[in-house]
Amino acid sequence: MTRRSIILYWLLLLLPTLAIATAALRLIGYEQERMDRQALSSAGDRAQAVAESIQIAVESVEDEIAQSLERIPPEKLVESLVGWEKSNPIIRNVFVWKPGIGLEYPAPGASATSEEARFITRYAALFSGRIPWRSAHVETTGRRPADVSRMEASAQPSRTVRETEQSNLVQSVRRLRVGQREREGSRAAAKKGGWIPWYVENRLHILGWVRRGGEVYGVELELMTLLSRLVAAFPEPETDGIVFSLTDGEGNILHQAGRALVEPARKPDIAVPLAPQLPHWQVVVFLGDHTGTLRQSGGFMILGSLLLAIFVAAILLGGGMLTWQAHRNMIDAARKTSFVSNVSHELKTPLTSIRMYAELLNEGRIKDAQKTRRYLEVIVAETNRLTRLVNNVLDFSRLEQGRMKYNIEDIDLTAYLPSILETHRLPIQEAGLALQMVLPGHPVTVSADRDALNQVLLNIIDNAVKYAAEGGELVVDLRMSDAVCELRLMDRGPGVPPAHRKSIFEKFHRVDDSLTTRKPGTGLGLSISRRMLRDLGGDLLYEPRDSGGSSFVLVFPQHLT
Amino acid sequence: MNYPKSTQGRLRTTTLTVLITALLVWPVLIGADVGAQRDPKVTCKVETDRGVLPANAPQKVVVKVTLGGAFPEDKSRRPPVNLAIVLDRSGSMTGEKLHNAKEAAIEALKRLSPRDVFSVVVYDHIVETVAPAQRARNLEEVASRIRRIQARGNTALFAGVSQGAAEIRKNLDGKYFHRIILLSDGLANVGPSTPEDLARLGAALLKEDISVTTVGVGTDYNEDLMAALAKRSDGNTYFVESANDLPRIFSAELGDVLSVVAKKAEVIIECPDGVKPLRIIGRDGRIRGRTAEVSLHQLYGKQEKHVFIEMEVSAEKSGKEMEIASARVSYVNPIDGKRAASLARARARFSDDRAEVDRSVNMSVQEDFAVNLSAVAQERAISLADKGKTDEAVEVLNRSADAMHNMGKIYNNKTLLERAQQIRKQAGQIAEEGMTRRQRKVLRTDSYQIQQQQAPR
């Protein structure tokens with residue numbers, strides 16, 4: 001598995017993911033738009049339904065009042081009208097008008113109440129005869145609004161909600177009717193009459209009139225009553241983000257249903273006029289705006305995007321982790337391969353020497369006792385090297401498996417160091433290193449495992465022999481500080497390049513330069529040494545030595561005596 | 001006694017019959033008696049400001065019609081109440097105001113009997129029915145729902161009252177007293193919000209026998225609107241500066257509702273030839289020829305309501321005695337729903353003797369008339385101050401105070417002197433600080449309560 005293939009796999013994962021994410025995002029966008037459109041159209045439908053029912057309600061009230069007006073017997077005209085005015089909340093004012101004479105009731109002048117006086121002023125144009133009596137919209141003669149009967153009779157199941165709503169509104173207002181309702185057939189005599197929406201000072205007033213003979217009489221509707229009834233029966237919107245309102249001719253909100261606050265200058269998203277019954281009045285809908293104050297429908301988009309983001313992140317994270325794992329495995333595999341070849345090489349070199357000298361001795365051709373002794377020394381040294389190598393591998397495996405056992409004892413380093421260094425004197429001398437020991441004058445006792453300590457020192461000395469031979473010196477320096485005891489092994493070799501100072505303690509790591517490639521090694525020595533020292537409560541550190549060279553510091557916890 | 005045997009037998013039978021009859025009838029008689037005693041009654045009285053009028057000159061006479069109601073002490077016979085409490089929960093009510101309003105509402109509900117019906121509506125810019133119309137039982141749950149109300153939003157006063165009315169309407173057929181208590185501290189800003197609009201709503205509600213009592217809290221509410229709504233629906237209006245007063249107001253208000261003695265009271269004052277009604281003071285009414293009509297709607301127990309009418313009396317000869325006005329009050333008895341009427345007349349004598357005329361002054365008419373005039377002056381001062389004519393407003397108040405002071409001095413009347421003092425103080429404050437919002441509310445509520453005579457006592 002190469003770096004290139006990792007990038008390839010990574011791209012294979014990344015590109016489809018991004019493609020899917022983009023597609024999903026667009027789909028969510030479309031869906032959101034569709035939902036918005038649907039919300040708008042359903043809100044529009046509802047507004048239409050509400051507007052229709054208001055119109056039907058008003059029309060049916062007007063219709064019934066008109067019928068009742070027609071039925072008033074001429075001899076009891078004023079009495080009946082005044083009775084209505086006093087008892088019926090939908091009747092604001094009543095009047096009787098005669099051509100040529102003008103207003104008969106309420107009589108203009110001092111006897112009029114203030115309300116009547118305002119009423120007379122309001123309709124002065126009509127009462128003075130300047131404007132003829134003409135209906136603006138509903139002709140009352142025998143016509144019953146078709147919608148009302150249709151609504152009462154029809155039973156389309158899909159529209160039940162809408163109709164319940166409508167009938168609520170209609171019922172709320174129709175209770176305002178005057179007198180008894182007449183049977184359909186009995187409305188025969190066609191008289192002229194109608195309803196006039198009348199704007200005075202930007203306020204709507206509605207006047208209903210009937211002409212009988214030359215006489216015109218009628219009522220003014222109390223719009224506040226009408227509004228009050230409509231307000232109490234106004235349907236609530238189903239969702240939070242929508243506001244239904246009833247507005248007057250100037251766009252003032254007469255009533256609002258729906259929680260959200262509507263800014264004063266806000267233009268409605270949908271407006272359904274209530275003309276001709278209530279000209280300039282509208283049922284309006286405010287949907288959520290983009291500042292978020294009223295927006296609810298955007299929730300789908302937000303939620304969808306969030307889920308999508310989580311999905312993409314999960315895929316990329318998972319892919320990333322797999323790739324990282326693969327990369328690590330690749331590095332590990334490469335290290336292991338080089339480890340095996342290194343170990344083989346390491347094993348082979350001493351074995352070759354041992355075999356060669358052993359064969360020479362075995363042939364018995366070497367007679368020179370000194371030579372024999374030298375050969376034997378080489379064999380012993382190489383065997384030591386083999387042992388150390390095998391020990392390293394064994395220790396490594398034990399450490400990896402957590403089965404390393406230590407035999408802790410008190411060791412006086414001032415006595416121990418000279419003896420251990422003595423055993424390694426030969427390879428040190430052979431490498432041309434001058435050994436120099438700086439020890440304090442008093443015993444320095446630490447708790448440690450003798451074998452482990454041997455192994456650590458051996459590894460470090462071996463490194464010095466291998467890589468720092470041309471430096472010509474190896475200084476062993478033991479010092480006590482407040483809390484710890486530090487043993488430094490310093491050489492004048494090339495030192496460790498800064499980039500590798502941390503990783504030299506990692507397993508299988510070898511400073512990969514021309515110097516080290518020439519020398520065999522497993523990349524285990526320092527890693528094992530640090531781990532053993534740490535297991536013993538100490539540490540192994542690297543410090544660059546002043547004016548060139550390396551310095552490995554063995555730290556032991558201060559022995560408490 | 002020696003009666004023949006047969007006679008003795010007959011006597012015994014007769015006695016027994018009488019006894020049994022008496023036993024059967026007695027409770028009915030007693031009951032009838034008690035019933036007759038306990039039925040609320042409206043009394044009517046008509047007086048002129050002077051018993052003796054100066055002769056030989058046309059003159060203006062003030063006629064006072066007094067309606068009084070007496071209600072039995074026994075509260076168990078009172079008709080059930082249909083009450084809707086409408087609370088403003090808009091943002092400005094936050095804190096103590098809303099807390100006290102809620103507690104006052106709960107306190108009010110506790111005063112209801114199980115026969116009563118109530119509902120609770122709250123509004124900000126939308127309306128919510130906290131408790132739909134229901135009998136006053138198991139109030140704990142409703143109380144906890146009321147306590148959970150939080151302040152927020154704007155003020156849709158019209159919609160709130162409309163919803164309260166809709167809840168009342170659910171029981172409109174029953175023989176209830178219908179009343180909405182509206183509590184608000186702010187300016188209505190959603191829906192119809194002018195005093196005129198709300199007055200019209202009030203007038204329409206009154207036709208359905210629904211009265212709205214308005215309680216304004218703090219100094220930011222629109223007192224014109226609140227007073228107009230209450231006035232046209234024949235409710236009361238209160239100005240509450242401190243939210244601590246709310247429980248007291250609510251209980252006073254319920255006391256009023258629970259003691260209505262007459263509904264839909266209408267007063268028709270008729271005058272004979274030579275007497276002509278000129279104007280009705282402080283109340284809405286209609287004058288047609290020699291007839292004046294005033295609607296009073298509701299009368300409370302142990303309370304008097306007055307109607308003042310200024311009349312023009314033509315010149316009459318000395319020594320003549322004639323009827324000045326007759327008043328007929330027709331009303332609906334709230335207990336049985338039937339119409340009843342009371343009638344009263346006022347007569348006056350004409351005299352040349354100035355001293356006799358002066359001696360005949362009717363102090364109670366003079367006093368109440370003067371107080372009513374001062375209420376009219378207060379209204380005028382408000383409207384002048386609204387137009388920025390603070391100086392004129394102060395002058396109007398001062399003039400009214402002077403007139404009252406003079407009258408108080410002449411008749412040595414303590415009430416008038418105190419009232420004059422009070423108005424002078426108000427005028428002084430307005431001259432100093434201008435018409436503050438608080439001052440305006442004090443004047444408006446004061447004049448309202450004088451003219452409607454609906455202040456809780």
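1. The contact between the two chains takes 31 residues from chain A and 29 residues from chain B, contact meaning heavy atoms within 4.5 Å. Together chain A and chain B bury about 2600 Å², 48% of it on carbon and sulfur atoms. Buried area is the accessible area (1.4 Å probe) lost by two parts on being put together, summed over both. A:Arg203, A:Met224 and A:Arg259 supply 23% of what chain A buries against chain B, more than any other three residues.

2. The model is predicted: local features need pLDDT of at least 70, side-chain atom pairs count only at pLDDT 80 or more, and totals for chains, interfaces and linings use all residues. Residues are numbered from 1 along each chain as its sequence is written, chains are lettered from A and ligands numbered from 1 in the order written, and side-chain values use heavy atoms, without hydrogens and water.

3. Seven is the number to check at the interface: the rule finds 7 salt bridges across chain A and chain B. A salt bridge is a side-chain nitrogen of Lys or Arg within 4 Å of a carboxyl oxygen of Asp or Glu. One pair is B:Glu266 with A:Lys86 (3.6 Å, N to O). Over all chains, the structure holds 63 salt bridges.

4. Within chain B, B:Asp124 pairs with B:Arg152, the closest N and O atoms being 3.0 Å apart. B:Asp124 counts as buried because its relative accessibility is 0%; B:Arg152, at 30%, is partly exposed. The cut-offs are under 20% relative accessible area for buried, over 50% for exposed, and partly exposed in between (1.4 Å probe, protein chains only).

5. A network of salt bridges with shared partners includes A:Arg203, A:Glu220, B:Glu196 and B:Arg200.

6. The largest nonpolar core has 73 residues. Such a core is a set of buried Ala, Val, Leu, Ile, Met, Phe, Trp, Tyr and Cys residues joined through side-chain atoms within 4.5 Å. Among those with the most contacts inside it are A:Ile54, A:Leu278 and B:Leu157. Helix α1 (residues 3-71) of chain A gives the largest share, 10 residues. Helices here are DSSP runs (H or I, at least four residues), as are strands (E, at least two), numbered from the N terminus. A:Leu278 touches A:Ile54, A:Val58 and A:Leu204, among others.

7. A second, separate core of 47 residues includes A:Leu433 and A:Ile528.

Technical notes
Lists of a residue's contacts leave out its neighbours within four places in sequence.
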